[in-house]
Each structure stands twice: as structure tokens, then as C-alpha cells.
Amino acid sequence: MTVLKYDVIIIGGGHAGCEAAVASARMGAKTCLVTMDMNKIAQMSCNPAVGGIAKGQIVRELDALGGEMGRVTDATAIQFRMLNRGKGPAVWSPRAQCDRGKFIWKWRETLDHTPNLDIWQDQADELIVENGMAIGVKTIWGVEIRAKSIIVTAGTFLNGLMHVGKRMVPGGRIAEPAVPHFTESITRWGIRTDRMKTGTPVRIDKRSVHFEDLEEQPGEQDFHKFSYMGEARPLPQLPCWLLNTNARVHEILRSGLEDSPLYNGQIQSIGPRYCPSIETKLVTFPDRDQHPLFLEPEGTDTNEMYLNGFSSSMPIDIQIEALKQIPALRDVKVYRPGYAIEYDFFDPTQLNHSLESKLIRGLFFAGQVNGTTGYEEAAGQGLVAGVNAAIYSQSLSSNSVVNDASETQNTEENSADKYFYLGRDEAYIGVLIDDLVTKGVDEPYRMFTSRAEYRILLRQDDADARLTERSYALGLASRERYDWWLQKKENIERITAFCENTPVKPRVINGALESLGTTPLQFGCKVSDLIARPQLSIAKLAEIIPDLKATIEASPNRKEEIEEATEINIKYRGYIEREKLVADKMHRLENIRIRGRFDYNSLHEISTEARQKLQRIDPETLAQASRIPGVSPSDINVLLVLLGR
């Protein structure tokens with residue numbers, strides 16, 4: 001038998017697996033990425049787009065930490081937009097349409113040029129566990145790969161089952177096989193599993209589309225991008241197109257509901273609430289006579305287009321006939337129909353915040369196997385799991401063997417103190433992971449800005465300010481990325497100091513202020529006071545205050561990015577400081593560790609629901625306990641009293 005040895009193994013080459021592999025390798029761990037098809041690394045299984053509401057913030061956080069999704073996206077973007085521009089900067093969210101094929105090969109290039117990282121094309125068949133520790137996997141080709149830690153990022157492949165009408169075909173993605181035995185090799189050790197469902201729309205040949213009947217949606221051409229480094233959008237920029245369903249489309253779709261696997265009992269698992277299939281929309285909103293759709297390009301060199309909003313598992317003939325009732329698609333030709341897929345996931349409340357299993361040492365989970373949906377959520381988990389798997393493997397000496405429970409406990413305590421965690425006030429990635437391990441999931445989890453209680457602290461513009469210095473100290477972010485941030489930080493501080501210390505006089509500026517539609521000054525003030533006005537911006541003031549313009553122009557590069565970040569910090573300073581105070585108060589509970597200090601079943605002073613959930617989840621801190629659904633503030637007060645606080 002061929003035996004390969006590594007520090008860290010990653011099972012699955014999707015978005016979680018790629019970020020995990022790069023993070024682990026850059027942390028110094030000898031890493032192996034096991035994937036079924038090297039030509040489909042980081043495949044965009046559904047929409048060829050990155051970002052969106054809150055998802056865009058996650059990608060910027062990945063970039064600030066030293067991850068690669070942002071850079072790959074910028075290199076392959078064919079349309080960029082900043083969503084929520086009409087609202088405050090706390091919810092501005094970048095989104096890019098990407099060239100699907102080029103995205104894969106850019107990721108492949110990134111992996112191929114990462115030191116300490118090997119790729120092995122094979123399929124994991126069995127998890128190897130000894131003495132309560134994951135030590136390797138066996139593959140379908142009889143290879144045994146041994147490692148000190150293992151990350152499972154298998155996406156939708158575990159016992160994947162695809163549905164189109166009444167037809168069911170095993171598979172992890174269209175034309176790709178399912179992984180039939182690996183789940184069982186994990187659940188035999190007490191890890192709980194369940195099933196989820198997701199889906200994807202039909203793919204359309206653009207040569208059959210009547211674009212004259214569509215509304216064009218162009219992208220934006222300003223300075224915004226995902227990565228804080230590198231070139232912005234080198235590829236040609238393409239439009240998307242807007243269209244709608246109609247009553248005739250709905251009539252045909254309703255005629256096929258009895259053959260829909262979602263409604264004939266064929267699919268029992270729960271799909272994503274916030275990305276429903278077209279048939280779910282018809283049932284949920286029976287009075288709506290139309291639903292919006294978006295026709296999006298798949299790349300610069302292909303005729304394939306993605307019909308966003310038309311996810312479906314209806315029979316093929318129903319899908320095509322319904323599409324032909326849309327005027328622009330009256331002559332439509334499709335490459336393949338939409339389909340639904342059911343797959344295994346594992347209960348994330350059985351994980352620590354490091355994403356390591358509470359039941360099997362050295363076993364980490366990231367991505368859709370934790371019950372999430374979305375490339376960005378997967379990638380965020382992947383980076384955290386990759387860092388922590390590397391830390392865990394480094395905590396074990398190269399020849400150490402843990403033989404008993406006491407040694408396992410010592411290993412856990414030594415590595416847990418060094419694990420990489422992100423707080424809810426530090427990153428959307430921290431919110432995501434805390435929600436998963438604290439609350440669990442009963443449907444595919446999707447990140448939204450509304451899930452974060454500290455949105456003004458977690459903006460897309462300041463991810464580097466929040467995370468890069470910490471990541472560099474950890475050894476993940478490169479020196480180049482760190483210096484890139486320090487240069488930006490220095491320029492923000494220089495412009496801010498000018499604005500806070502430079503006075504303006506009414507007689508000098510009032511005429512210009514009135515022309516800009518804002519109240520003239522009665523007394524002198526600082527430039528920063530003017531920036532705080534909603535009608536004014538740094539850019540407008542720079543045109544009427546020459547010294548401010550000269551100060552901004554002194555930035556060697558990224559002038560617009562630095563200008564925007566400075567303005568947000570000044571304009572929203574009061575809100576930012578207030579939210580920091582709230583977060584600091586919560587940190588007091590975060591610092592009170594309670595794991596192992598209570599036998600919850602014996603605590604009759606708290607509610608029965610709280611006892612049951614605290615026993616099942618076993619929170620690490622009092623703050624985590626306070627976020628568990630069903631644990632009330634009075635229950636937390638009881639725990640505080642019992643702790644002697």
C-alpha cells in the first residue's frame with residue numbers, strides 16, 4: 001500500500017478547501033489537498049459570482065488576513081458593483097461577476113505556486129481514527145494518506161443525490177460522482193449528520209437570446225475592488241441583463257408541480273430560505289404575477305449564460321417550455337437544465353470555534369459540510385480551519401503518539417490556547433463561525449449584515465484595519481500585504497490629522513458651502529466638522545480647500561481608497577466609538593470561561609430548555625452561552641452567581 005505523510009490533509013478542492021490549503025501551507029505545515037478533479041479546483045458550482053450582501057465583506061476580510069479569494073476574483077472579474085450604495089457604509093457590499101473558467105485556473109495557478117502544498121487527485125473513502133484522534137484517510141485507489149490533522153471540506157459531494165423531475169442521479173455536481181462512504185466513516189465516531197438541499201438554474205446559450213427585449217445592467221468602473229492589493233479588473237467588463245417571469249410562465253410551472261421533487265415527497269431535506277427555487281416562489285407567493293430574473297455571462301469566451309432567479313428541479317420539458325414564454329427567451333436553447341441536490345452535512349454545534357471537532361482530535365470541518373451555503377462563507381471557514389489545523393499539527397512533535405485520554409487532554413489545552421479565533425466584533429467570519437457552533441443550523445446558513453450586531457465596525461472598507469496586523473503577527477499575511485496596510489494607515493492618519501487640526505473661516509468658505517447646498521458657517525470650525533455634514537464629502541471639500549487637496553494628493557497610490565476610508569472614519573466617528581463601547585462590555589462575558597465548570601443537568605435553578613441546550617452545546621464562554629437560543633438572561637445571571645461573580 002502506498003502511504004503518504006503530511007502535517008495537514010484537506011479533503012475537497014472547493015472554495016473552503018483552497019483557502020484552507022493556502023493558509024495551512026503558509027503557516028508552515030506540510031499540506032496535501034485531496035481533490036477528485038484538479039481541473040475543477042474552486043469550481044463555481046452555481047452562480048459565477050463572488051460577494052454580495054455581507055458576503056463581500058467576508059471576501060475583503062479574507063484578503064486582509066492573507067487569503068486569496070479577493071485577488072482571484074479581481075483577476076477574473078467581468079463585472080463589478082458595490083451594492084447598497086444608497087445606504088450607510090456599514091452595509092456597502094462589493095459583488096463581482098467572474099469568468100468561471102479563468103477563476104478555476106487562477107486558483108490553480110495560486111495553489112501550484114504555494115510552497116509546502118501538494119495536490120493529490122483522488123477520492124477519500126474512509127477516515128482513519130486512532131485513540132480518539134484523526135490520523136489519516138484511505139482513498140478509493142488504495143492510497144493511505146497520514147497526517148496530524150485533517151480538514152473535511154467536501155461540499156455537496158457526501159452522498160450527493162441530484163434531482164430533475166422524478167429522475168434521481170447520484171452526484172456531487174452535474175456530471176461528477178458522489179462520495180458514497182466517507183460520511184459513514186465519520187458518523188461511526190458519534191458525530192451527527194443530516195441532509196440539506198440546494199439547487200441551481202438552467203444554463204442558456206446566449207446566441208438564442210433576444211437581447212433587444214432585455215434591460216441592460218452595466219457594471220461600475222470606479223476604484224473599488226476586492227483585494228486591497230493588485231490590479232483591478234484586467235478583463236473586459238460585460239453587462240448583465242434584467243427580465244421577469246410572467247403569468248404564462250407561472251401557469252406552465254404550476255402544471256408541473258406534481259412532478260416537482262420538492263412537492264411530490266421525493267426531497268425531504270430543507271433548502272436555502274434566501275435563494276428559493278422558482279417553484280418555491282410560486283407556492284410561497286401565489287399572488288405575484290411576475291418575479292425578477294437576471295441573465296448573467298459566464299465568461300468572456302463562452303456563450304454560456306446563467307439565469308439568476310430561476311433555480312429549479314422541475315422536469316426538463318417544463319423548465320424549457322416555461323422559459324419560452326418570456327419574450328426575450330422565446331427561441332431559447334439550453335446547455336443543461338436546472339437541478340436540485342441533496343447532500344450530507346454535520347452538526348456544527350459539535351465543533352469548537354477553531355472548527356475542530358469536540359469528539360475527534362485533529363479533525364476539522366469547513367464549508368457546506370457545516371450547513372452553510374455560499375462560496376464566501378465556505379472560504380471564510382476554510383481559512384480559519386487551515387490556520388488552526390496547522391497550529392494543531394505544529395503542537396504535536398513529529399514523532400509523538402498520544403496513548404491515553406490524559407495526554408489527549410494535555411494536547412488539547414496546549415493547542416487551544418494558540419488557536420486562531422475571530423470575535424463577533426472583529427469580522428463577519430467570526431459572526432459566521434460563532435453562529436454555527438453556538439446556534440447550529442436547521443436550514444442552509446447564509447450570511448447577512450443583519451446577523452452582525454456590530455455592523456458599523458465590520459465595514460467592507462476597514463477589513464485591513466481590523467485584521468491585517470493580527471494576521472501578520474500570526475505568520476499568515478505576507479510582509480508585502482502588511483507593508484501595503486501600513487502605507488495606507490499612515491496616509492489615513494496624515495489626512496485625518498490635517499482635517500482635525502485645520503481651521504476654516506466663514507468669510508473664506510461660506511460662498512462655496514452655499515453653492516454645495518449646505519448651511520453657511522456662523523463661526524469658524526475644523527475641516528473635520530464640515531466633513532461630518534451629510535451634504536459634504538472630502539472630494540467636494542478638496543475642490544474648495546487647496547491645502548486639503550494637496551494633502552490627499554500626497555498619497556503615493558490608492559488615493560480614492562484612502563480618501564473614502566478617511567471620510568468614513570470622520571463622518572461616522574460617533575457611531576463607531578459607541579459601538580466599540582458596546583463590544584467592550586460584551587468582551588467581559590467573552591473572558592469568562594465556563595466549559596467544564598458545570599454539570600448542567602444538575603442545575604435546577606435554570607430552565608429545562610437551557611439545561612438541555614447548554615449540555616448539548618457545552619459553550620466555551622459565558623458570552624457564547626448567552627447567544628444560545630433558549631438560554632435567557634436570567635439563566636446567565638444564575639451562572640454568574642454560581643461562578644461567584
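Buried means under 20% relative accessible area. That cut-off is used in the views below, which all come from a predicted model.

**View 1. Phe364 and Tyr392 form an edge-to-face ring pair.**
A pair of aromatic rings is described by the distance of the centres and the angle of the planes. The count of aromatic pairs comes to ten. In the pair of Phe364 and Tyr392, the ring centres lie 6.4 Å apart. The planes meet at 65°, so the pair is edge-to-face. The two residues link distant parts of the chain, 28 residues apart. Phe364 belongs to strand 21 (residues 363-365). Tyr392 belongs to helix 9 (residues 375-395). Tyr392 has a relative accessible area of 0%, so Tyr392 is buried. Phe364 also counts as buried, at 0% relative accessibility.

**View 2. Ring pairs build a cluster around Phe364, Tyr392, Tyr419 and Tyr421.**
Phe364 and Tyr392 return here, now with Tyr419 and Tyr421. Ring pairs link these residues into a cluster.

**View 3. Tyr472 and Tyr482 form a stacked pair.**
Here the ring centres are 4.0 Å apart. The planes are at 5°, so the pair is stacked. Tyr472 lies in helix 12 (residues 463-474), and Tyr482 lies in helix 13 (residues 479-501). The pair links distant parts of the chain, ten residues apart. Tyr482 is buried, because its relative accessible area is 15%.

**View 4. Arg60 places its charged end over a tyrosine ring.**
The ring belongs to Tyr228. The charged end of Arg60 sits 3.9 Å from the ring centre.

**View 5. Arg451 places its charged end over the ring of Tyr445.**
What is the distance from the charged end of Arg451 to the ring centre? It is 4.2 Å.

Strand 13 spans residues 167-170. Strands 12 and 13 run antiparallel, and four bridges join them. In this pairing, His163 stands opposite Met168 of strand 13.

Leu161 has Glu342 in strand 20 as its bridge partner.

Terms used. Residues numbered from 1 in each chain as written. Predicted model: local features only at pLDDT ≥ 70, side-chain atom pairs only at ≥ 80, totals over all residues. Heavy atoms only, no water. Phe/Tyr/Trp six-rings, centres within 6.5 Å; stacked < 30°, edge-to-face > 60°. Buried < 20%, exposed > 50% of the residue type's maximum accessible area, 1.4 Å probe, protein only. Lys NZ or Arg CZ within 6 Å of the ring centre and 35° of its normal. Pairing = 2+ DSSP bridges.
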